[in-house]
Amino acid sequence: MTDTTSNTPVADRARAAELSAVGRFLKATELDTRMLGMVGALLVIWIGIHLLSGGLFLTPRNLWNLSVQTSSVAIMATGMVLVIVMRNIDLSVGSVEGVIGMIMGVAQAEFLIRVIGFQLGNPWLWIIALAAGVALGLLIGAFQGFVIAYMEVPAFIVTLGGLLVWRGMAWLITSGRTVAPLDATFQLMGGGPRGAIGASASWIVGVVACAAVAFALLNGRSQRKRFSFPLRPVWAETFLGVVACAAILGAVWIANSYPWPVGIVRQYAQQNGITIPEGGLFIAHGIAIPVLMAVAVGIVMTFITRRTRFGRYVFAIGGNPEAAELAGINTRWVTMKVFMIMGVLAAISAAISSARLNASTNALGTLDELLVIAAAVIGGTSLAGGSGTVLGAMLGALLMQSLQSGMVLLGIDSPLQSIVVGAVLVVAVWLDTVYRKRV
């Protein structure tokens, strides 16, 4: 009997690999290998920086601050996914963030008080400022989208011009002045001890999120049965639910492990007539409000991309613009709406960033466009168009911010930080090219 093992065709070897334990596991759970690779890279970065920093990185304080720092970039990255999926680019998001942040700062710190006559502490102060910022973001996005879609000017040129124009406008509004302080309620969107929901509310959010995960899995299984689609094994569904809930509750536990600073605790105790015990009073931050805003945006954008006709149109246009137009899709209107969404998300990020600083500065959003594009690409959004995920972009934002935060913690100079970020972006695009060729 002749041994033909060495002559096994490539296809047979590939099928044998699929039947391996890892292959069967990935097939049963339907996990995205690219997403797993990104999570693995993130864990390697975290552990490496933690060891190099002498145990300073993976602490509740640093991870809490990291989540807050990531929020604004992650929010804009969700919109950049749609832009890049449609084979466009938006180089203006950082400048749009800057000019909207300046408008919101001037509105609440100067215009509404000095011109309209609002009093400090008026609950409408921050609401009107935020609404004005969101409306301006929508208008800027609509204008740029109109020029790109209907006037057929390349997105690269339009948004590059926007990068310069909106940055200049931010400076002209106040002649380079920094506007501060901002409304106290508005500041809550920036995080901090007051800008978090506390321990009890955080655990409630965690439990609700776990219930939502369970419902999503059960509903997905029900829909598969309804349309006679293949079902995942019960153990795979259980595994996904357990891992997701463990990650959620673990994040809540970390947020609740970071206490308020001693000085703020003492001030809080005096204001509320609380006696501080001998060992000190522990008040947990809990989940930061900007993090909740980023999660909410992520959920909404995921729903838009996966569950709406508009989302399907975006991916269809990115996959083949000519075929999408022949199929009857109004590609110009869809393109314009994508840039309008991007403008609104830039406004939300501007609110978070300026609230965190308690000031509107001319430097707000500088180079954020590069971080946002890098986050989307590292998260698996293909520059060739047609593919990308919101979750991947948000993980990419976390990875980019982890690198920057870690390098600051290690005392690495700013020029070297830029070199590392640039190298990571190039490697991410190269890996995307390799992946697309293999697929």
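Thr 361 lies in the loop that joins α15 (331-357) to α16 (368-378), helices being DSSP runs of H or I of at least four residues and strands runs of E of at least two, numbered from the N terminus. The model is predicted: local features need pLDDT of at least 70, side-chain atom pairs count only at pLDDT 80 or more, and totals for chains, interfaces and linings use all residues. Residues are numbered from 1 along each chain as its sequence is written, and side-chain values use heavy atoms, with hydrogens and water left out.

- Thr 361 counts as buried, at 18% relative accessibility; buried means under 20% relative accessible area, exposed over 50% and partly exposed in between, with a 1.4 Å probe and protein chains only.
- Leaving aside residues up to four places away in sequence, Thr 361 touches Met 102 and Thr 178, where contact means heavy atoms within 4.5 Å.
- Leu 410 is placed in the loop between α17 (390-409) and α18 (414-438).
- With a relative accessible area of 32%, Leu 410 is partly exposed.
- Ile 49, Leu 52 and Ser 53 are touched by Leu 410, not counting residues up to four places away in sequence.
- From C-alpha to C-alpha, Leu 410 and Asn 122 are 43 Å apart in space, and they are 288 residues apart in sequence.

**Helix α5**

- Helix α5 (residues 93-115) has a kink of about 50°, centred on Ala 107; the bend at a residue is the angle between axes fitted to the seven residues ending there and the seven starting there.
- Of the 23 residues of α5, 18 are buried, so that the helix is mostly covered.

**The chain as a whole**

- The chain contains 18 helices and zero strands.
- Its radius of gyration is 24 Å, close to the 22 Å from the globule rule for 439 residues, so the chain is as compact as a globular protein of that length; the radius is taken over C-alpha atoms, and the rule is 2.2 Å times the number of residues to the power 0.38.
- Along the principal axes, the C-alpha atoms fill a box of roughly 90 × 65 × 50 Å.
- Buried residues account for 44% of the 439 residues.
- Among contacts with a separation of 6 or more, 79% are between residues 24 or more positions apart.
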